Structure formats: structure tokens, C-alpha cells
Amino acid sequence: MSLDFNDETFRGDYTFKNSAKAIKRFPFPFPEDSYMYSVNMEPHVPGPVGSIFEHMFDVDEHYVAEMRDRAQVLADDPLRCQSLPHMELAGWDLLELIMESKARDYPHWFELHKDGNNWHWINKPLQIEQRFTFMDASTLPYGPLEYITRQTQGDFTLQDQRDDDLWIEAGMVTTQADWSLDFDIGMSFKQWHAPVPLAGQMGIFDRALKFLLKLQHGAPVRRFNWTMTVDPLLDTSPENYPKWGPSKTTMTPETIGHRQHLRVELQTLHRLPRSNAIVFPIRCYLIRFEELVTVPKWARRLHRVVRDIPDELATYKGFLRNKPLMLDYLAQFDDGQPTSLGFAPD
Amino acid sequence: MTKTMFEPSITSRPVYGVLSPGVGSAHLFVADGEGAEAVCDLFAKAEAAEMKSASHIIYMPGANGCDRSAALQALGVAQFYRAPSFASAQPRLAKVLADAHMGLQVYAAGTEGLMAQVATAAQAAGLPYEAVQMEHRGSLARRVQCVHCKGVTENVTLDPFVCSHCGLSLFVRDHFSRRIAAFQGVNIDAEDPGLVPASVERFK
């Protein structure tokens, strides 16, 4: 493995960690000292050099290890990647979007050469070289969605648009916050959000759906979501809940700083050109509490957010049980000083 | 309006109505248990009289023992078939749907699991989901898929219950998949193995 990428694990001995550089660019999701649901979409436009927004699809130091973890999840449970038959075109749209973006944004790692429909893809970090015919699935080892998302960090769902609704009809989901693609595939927008508490009554999904139905090609948008995860486990799936659930009960004041992670999802939404489908990449960033508190503003703010969050939300996000332990740990970093507005460290 | 009152706020659950005579060249009814009563109510309407000669009823007694075969047979429709279970009726249902011509009307009545499976079979034959009229009658027992082993347990009345395939204790999440025709079951003691609360009869 080259020096650009960490040799680390997201299971077993959990050797995942963030470098100082990764901590500095971590997408801390709270612009103020409290949290409640909101749609909070903004244009997914390029951000500052070095930030996670610099490029369309961020490739960071965890790339190779995350792809290794995904391959293991798929070997254990092939149902984590599914595509209903009519969604193959959207898969090609996505493959094109990712290959073109990565070859443009990271030319030292990725190359895409086209001669008509004869494409030549080079992925140096994963040591993949593939010649194939665009739009001919028989020339790839997997369908287009599975092929390209085995090489791209983050979960992906593809939504077909019809009857003024969005239908989740394909996806690659191995780093999810406790939802099942296998169960949800085929559902409409409001159907697949049914288990989320409070937000429905608040009109969040009505507004979000209305907004997304009008999403334009070439004008992607983004938002954050977040939850908490014990140990740097990417695959917090409902399928494997009996395997990872018990870890929540083993936290102590001595281990919480090291084992408790804030899990942030950068969610982007892109209209695809041929299929008119929407792709929804859900990119997971993990940071352990003891890494996060090296930024004083984030430590103060996370303490206040966790302290004030309604129990119903803490339950849904799965951390009510450990909330007191988290607060005891985080309180020592909160001196009561005001924090500045916005995500950035002071 | 539906004759069954459901608890509110399960947005992934279908909304059920009342069967009414459709306009079509043929009529296929699939019902279980008390669903027979919805079929009889439909045929009690004057405009349904001429449908009988083009109607096919597939019926199975409910898991609760409710068997209204005699009432359905007495309707005198062109074809009446009593099956011991939905699974046993599936080959026949698939054949009827595959042989159907334009204009077939499909009706499902009875338990939620039965209706969802009829809709799934109809979709597999190329009909849209909305093409199946549904009326809930009888038991609120749920059909539940274990999210862990993917096995489906039929006629779940208790919450939590034991998965009939993998043996885990599951709570029933209020989340319904039309594709799988089932609610979602999630291990209740995943975080504290062995700590399973007493079951209550939540779905009668």
C-alpha cells in the first residue's frame, strides 16, 4: 500500500485512525450549539483546497482500507448490493459520473481513456486496469453500479423518478447507519423514511421530496447527517445488529474517548443525464471522541448538542444508553465559553 | 373507508379500502379467513350480479380457523377454489394471472399478509400495484421478515416473537415492504443478549 493510504481495519482489531491532516479536514456537522432536523441543502460546489468539498467525490487516506472492508461485507452478504432490472441505465450514468470526476480531480491516481464506447479505466490505488465497452454490462466483472461502487467510498442509492415520487430501486449499502437496502428497495420516498421519528410530522419529507423532484443535472446538492458509533465499524447494518449491538454495553469512562465515534454522513444528490434517476451518495466519516476534542470549539459544541438533544432522537440514533457517559467525558472540555457560528475550528 | 381501524402513522403501510365491483372482462378474487365477508358484501350489490359468470374466487381459511368456504361457494361464481394455504394456492394464482387478458380485475381481501402477497404476484405478472383492490378483514396478525436471516414468519400476533427460521427474538418494527409483503423484525436483545421482555399480544 502506498504512503497515501492507511493500512487499517474497520473490524476485528479496529486499527482505523485519523491522521492530524484528516482531523483538520473532518466534516464537523454542527454549525451551532444545538441540533434539530432540517433539510439544510446547499449546492455541492467545490470547496477550499484540501477540504472534503474540494472535489466531487472525496478520496481520502482511508480509501483503500474502506474498499477492502466493502469487499468483505459483500462476500459475507451479497444482498447489500442490488439493482432492479430497469435501473441498469442509471448504473451506467453513475459509472460515468464517478470515472470522469475521479480522472479529472485525481489524475495521479485515476485515468479514463475513451475511444468511442471503448473505455479504458485505470485505478492505481486499487491496482485495477479495465478495458470495457460503455453500456455493455457483459464487458465488466459486475454490473455498472456494483463495479464502480466497489471502487468508491460511501454508500450509494439510485432513485427512479415517476408519478411525482422517488423510488429507491438500486443501491450499494455497506456503511449504513442501521437501515436495510434489501428491505427498503422498491419503496417510495416517504415509505423508506417511515421509521424516522418526528421528521414526518414536521413536514421535512414533503419539503425534501418537492425539492428533489426538481433537481437539475449538473447542479448537485449536499447536506449532512450524523449519528454515533461504538468502535470504527463501517458496517452498522441491521442485518448484523446482533453482532455489533453488544459493543454498546461495554463502554466505560476509561474507554469512551477512544471507542466512541461521531459518525458523519456527507449526503450529496445528483441528477443523472440518461436515466433521469437521482443518485444519492452517502459518505461516512468517522472520528473518535479523543480525536475530535483536539479541536476546542468542536469539543465544547458536541457537549452542548449531546446534552440538549431530545431523548426520542437519541434513541433513534441509537446512543441514549451511553449519553450520560458521553456527557461526563465531553463536559471536561466545555469551559462554558461561547462558540463561533459555523463548522470551522476557531 | 376501511372497516378495520389501524393504529396511525405507519407511512410505509398501504392504505386499504372497500372492494367495489370493477369494470372488466374477468374478475379474480383472492381471500383468506374473514376476507370472504368482503367478497360476499361485494356480490350483495346489485351491479355485481352480472359479474358472477366471469368471476374466479381463490379462498383459504384463516390461520385463526375462520372458514367461510360455504358462503363463497353459495355465491355461484364461475370458478371457486378452496386452498388449504396461500402457499398451496400460489401455482394456481400465477397461472391465472399469466393467462389473463386485458381487463382482468383483481381483488384481495382478508389479512394484510395475504393482500400483500396477492399484490406481489400480480406485479410479477406485470400488473401495477394499484391494479389490485384491497380490503382488510379479520385478524391483524402480521407477516414479518427477519432482517437478520431474511426468513418470513407468518401470522405473528406477539411482540416480541421468536423467528421461526433462526430463533432470534424479534420486535416488530412499524415498517412495511410491499415487495417482500412483510413487516420488518429486528432482534430485541441484540445489545443485551438474553434480556427479552415478556411478549404481549399486539396484533389480534
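This is a predicted model: local features need pLDDT of at least 70, side-chain atom pairs count only at pLDDT 80 or more; totals for chains, interfaces and linings use all residues.
Where in chain B does Pro160(B) lie? Pro160(B) sits in the loop between strand E8, residues 158-159, and strand E9, residues 161-162.

The peptide bond that joins Asp159(B) to Pro160(B) is cis, with omega at about 0°.

Next, two residues with positive phi. In chain A, Tyr14(A) has a phi of about 45°, although Tyr14(A) is not a glycine. You will find Tyr14(A) in the segment before helix H1 of chain A, which covers residues 20-24. Is Tyr14(A) buried, partly exposed or exposed? The relative accessibility of Tyr14(A) is 25%, so this residue counts as partly exposed; the cut-off for buried is under 20%.

In chain B, the residue to look at is Ala181(B). Its phi is near 60°, again a positive value in a residue other than glycine. Ala181(B) is in the loop between strand E10, residues 169-177, and strand E11, residues 182-187. With a relative accessible area of 2%, Ala181(B) is buried.

Now the interface. How many residues of chain B are in contact with chain A? There are 23 from chain B, and they contact 23 residues of chain A. The area buried between the two chains is about 2,000 Å². Carbon and sulfur atoms give 54% of that area. On the chain B side, three residues stand out: His175(B), Arg179(B) and Glu191(B) supply 32% of the area that chain B buries against chain A, more than any other three residues.

On to the polar side of the interface. Between chain B and chain A the count is 6 salt bridges. One of them pairs the side chains of Lys150(B) and Asp182(A), at 3.1 Å from N to O. As for polar contacts, 12 residue pairs are found across the interface, with both residues at pLDDT 80 or more.

Which strands of chain B supply at least two residues each to the side that touches chain A? E10 and E11 of chain B both do. The largest share comes from E11(B), with 5 residues. By residue class, the side of chain B that touches chain A divides into 9 nonpolar, 8 polar and 6 charged residues.

To go back over two of the places: the cis bond is between Asp159(B) and Pro160(B), and Ala181(B), with its positive phi, is in the loop between E10 and E11 of chain B. Those two strands also supply residues to the side of chain B that touches chain A.

Technical notes. Residues are numbered from 1 along each chain as its sequence is written. Chains are lettered from A and ligands numbered from 1 in the order in which they are written. Side-chain values use heavy atoms; hydrogens and water are left out. Helices (H or I, at least four residues) and strands (E, at least two) are DSSP runs, numbered from the N terminus. Buried means under 20% relative accessible area, exposed over 50%, partly exposed in between (1.4 Å probe, protein chains only). Contact means heavy atoms within 4.5 Å. Buried area is the accessible area (1.4 Å probe) that two parts lose on being put together, summed over both. A salt bridge is a side-chain nitrogen of Lys or Arg within 4 Å of a carboxyl oxygen of Asp or Glu. A polar contact is a pair of N or O atoms within 3.5 Å; within protein, one must be able to donate a hydrogen and the other to accept it, and residues adjacent in sequence count only if both atoms are side-chain atoms. Ala, Val, Leu, Ile, Met, Phe, Trp, Tyr, Cys and Pro count as nonpolar, Asp, Glu, Lys and Arg as charged, and the others, Gly among them, as polar.
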